[in-house]
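The following paragraphs walk through one protein model, from its confidence values to its sheets and then its helices. Please keep the sequence and the structure in view while reading.

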Amino acid sequence: MNRPIPAQELRSTREGPAAASDEIRIDRLSKLFGGRRVLDGINLVVRRAEMIAIVGGSGTGKTTLLRNIVGLEHPDQGCVLLADHESAGSPLVDLATLDPESMERLERHWGVVFQGNALLSGRSVEANIALPLREVQNLDESIISRKVREALREVALDPEKDLDLTADQLSGGMAKRVAIARALAKDPILLLYDEPTTGLDPYVAEEIQLLIKSTHYKKTPSGFPRTSIFITHDKELLYRLQPRIIMLDSANIVFDGTYEAFQNSDSPIIRPYFDLMPRLHSRTPGAAEATPRESPS
C-alpha cells in the first residue's frame, strides 16, 4: 500500500507543474517517538477537492500524521508537501524547507478544528472566531467583524444572540459549531478535523456531519474547491459522507478505498476495528481508548 513515489515523479512535484491537482503529497514519511516507530514509510497523495477520513485504533499514528500535515511536527525521514495557494499554479512545497514567514503563507489557507474545540475559556464567541483573523491573516477590524458574523451564519448560529456568549456558556454542539466557524472564517481551502463528532449525542452529531459535508462542497470566495481531512471513529459520519478512507495500523496504511469496501472487508485487521468503532466513538473525548487488540493508547 505504501508504494514509494518514483524519484522522477517526486522531483517534478517539488517543482510544481507535475501535480497541479494535488493538495498534499507525502513521500516515505517516518516518525519515531522514544525509539518507537509511529509512522513507517507512509506514502499518500490527496487530490484537490477530495474528502479523506483517517481511521484506525489508538496509537496507530492518526494524530501524528495530521500534525505532520500541518507542520506541527516534522518527519524523521521522508517529506510532506502541501499546495502553496499564494503562488501561481499552487505548486507543492516541502514544509521542512519553509521559514516561518513562508509557513504563515500556507497556514492562511488552512482551517483546523481540534477534538476539544480549543476555544479560549472565558472569552466570547466573537473573540474566539476573530483570533486567527487578527493573528494569522492580519485583517482590518471591519473585515474581521463581517467575517465573524458570516461564519456564524454558515454554521446555523445567530450573531445577534450568540456573539457575546462565552465559551463556557456553550453546549457541546454549539462549541463544535463555533470551532468550525472559527476555521471557516479564514475562508480555508484545506479543512482538517480531529474527531469532530466524538462525545456528541446522535442528533447533534448528525447536524455536525451534515455541516462538514455542506462546508466541503461549498467553494471558497476565491473560487478554490475545498479539501477536507478528518480523523474519526464515527461509522455514521463515514456512511453519510462517503469519503475516501485511509486506515492506519502498525505505523502503516493498511487500507485506502471506499466506505463500501471498508465495511465489507473481512481483513483480520479491518473487521475487528470496524466492529469496535461504535465503542471508540462513544467514549468521553480525551479518554484512553483501546485498539481492536485491546492495547492501551
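The mean pLDDT of this protein is 87, and 89% of its residues reach 70 or more; pLDDT is the predictor's confidence in each residue, from 0 to 100. Contact here means heavy atoms within 4.5 Å. Where pLDDT is low, the predicted coordinates should not be read in detail.

This is a predicted model, in which local features need pLDDT of at least 70 and side-chain atom pairs count only at pLDDT 80 or more, while totals for chains, interfaces and linings use all residues. Residues are numbered from 1 along each chain as its sequence is written, and side-chain values use heavy atoms, with hydrogens and water left out.

The sheets come next. Helices (H or I, at least four residues) and strands (E, at least two) are DSSP runs, numbered from the N terminus. Two strands pair if DSSP finds at least two bridges between them. Strands of a sheet pair through backbone hydrogen bonds, either parallel or antiparallel.

Phe-33 stands opposite Arg-36 of strand 2.

Another open sheet has six strands in the order 6-7-8-3-9-10, and its pairing is mixed. Strand 6 (110-113) and strand 10 (252-257) are the edge strands, each pairing on one side only. Here neighbouring strands are turned by 15° against each other on average, direction ignored. Strand 7 (residues 190-194) pairs with strand 8 (residues 227-231) in the parallel sense over five bridges. The bridge partner of Leu-190 in strand 8 is Thr-227.

How do the helices pack? Two packed helices are described by the angle between their axes and the distance between the axes. Angles under 35 degrees count as roughly parallel, over 145 as roughly antiparallel, 65 to 115 as roughly perpendicular and the rest as oblique.

Helix 4 (residues 125-135) and helix 5 (residues 141-154) pack at about 125°, with axes 9 Å apart, and are therefore oblique to each other. The contact involves residues including Ile-129 and Leu-133 of helix 4 and Ile-144 and Val-148 of helix 5. Its residues divide into seven nonpolar, no polar and four charged. In this count Ala, Val, Leu, Ile, Met, Phe, Trp, Tyr, Cys and Pro are nonpolar, Asp, Glu, Lys and Arg are charged, and the others, Gly among them, are polar.

Helix 4 also meets helix 7: their axes come within 8 Å and cross at roughly 30°. Val-125, Asn-128, Ile-129 and Pro-132 in helix 4 meet Val-178, Ala-181 and Arg-182 in helix 7. This contact has five nonpolar residues, one polar and one charged.

Helix 7 (residues 172-184) packs in turn with helix 8 (residues 202-216) at an angle of about 10°, with axes 10 Å apart; the two are therefore roughly parallel. Among the residues in contact are Ile-180 and Leu-184 of helix 7 and Ile-208 and Leu-211 of helix 8. The contact of helix 7 with helix 8 comprises five nonpolar, two polar and three charged residues.

Terms used: Axes fitted to C-alpha atoms, helices over the stretch in contact; angles between N-to-C directions.
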